[in-house]
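Morning, everyone. Let's look at the core and the charged pairs. Here is the model.

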Amino acid sequence: MITAIVFVHADNDRISEVAEQIAGLEHVTEVYSVTGDIDLVVMVRVAGYEEIVPAITDQLKKVPGVIDTDTHLAFRAYSEHDLEAAFSL
């Protein structure tokens with residue numbers, strides 16, 4: 001599994017709308033609204049490197065209101081994050 005951490009600059013008047021649209025994209029597992037120089041941090045998880053371009057360039061960057069992105073690929077995970085456990089009640 002390949003993890004990409006994407007920093008997103010969004011139109012200030014549409015941050016919530018942009019976040020919701022990004023959260024609905026295939027391969028997006030988490031979207032965080034954050035403080036600082038960027039507006040959103042998006043976690044994208046794909047099976048192979050060939051899926052990164054379609055997931056980010058062809059989908060995420062084309063969401064209306066996305067101004068710019070900065071993508072970082074994770075080399076190694078030092079902690080495990082169990083998404084299913086995090087969302088179960």
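First, a definition: a nonpolar core is a set of buried Ala, Val, Leu, Ile, Met, Phe, Trp, Tyr and Cys residues joined through side-chain atoms within 4.5 Å. Buried means under 20% relative accessible area, exposed over 50%, and partly exposed in between, with a 1.4 Å probe and protein chains only.

Now the ground rules. This is a predicted model: local features need pLDDT of at least 70, side-chain atom pairs count only at pLDDT 80 or more, and totals for chains, interfaces and linings use all residues. Residues are numbered from 1 along each chain as its sequence is written, and side-chain values use heavy atoms, with hydrogens and water left out.

The core. The largest one has 19 residues. Those with the most contacts inside it include Val6, Val18, Ile22 and Leu60. β1 (2-10), α1 (15-23), β3 and α2 (52-59) each supply at least two residues. Helices (H or I, at least four residues) and strands (E, at least two) are DSSP runs, numbered from the N terminus. The largest share, 5 residues, comes from β1.

Take Ile22. Leaving out residues up to four places away in sequence, Ile22 touches Val8, Val28, Val31, Leu40, Val42, Leu60, Val63 and Val66. Contact means heavy atoms within 4.5 Å.

Now charges. How many salt bridges does a search of the whole structure find? It finds 2. The criterion is a side-chain nitrogen of Lys or Arg within 4 Å of a carboxyl oxygen of Asp or Glu.

Arg14 pairs with Glu17, closest N and O atoms 3.0 Å apart. Arg14 is partly exposed at 26%; Glu17 is too, at 36%.

Glu30 pairs with Arg45 at 2.8 Å, N to O. Glu30 lies in β2 (residues 28-33) and Arg45 in β3 (residues 40-46), so this pair ties together parts 15 residues apart in sequence. Glu30 is buried at 10%, while Arg45 is partly exposed at 21%.
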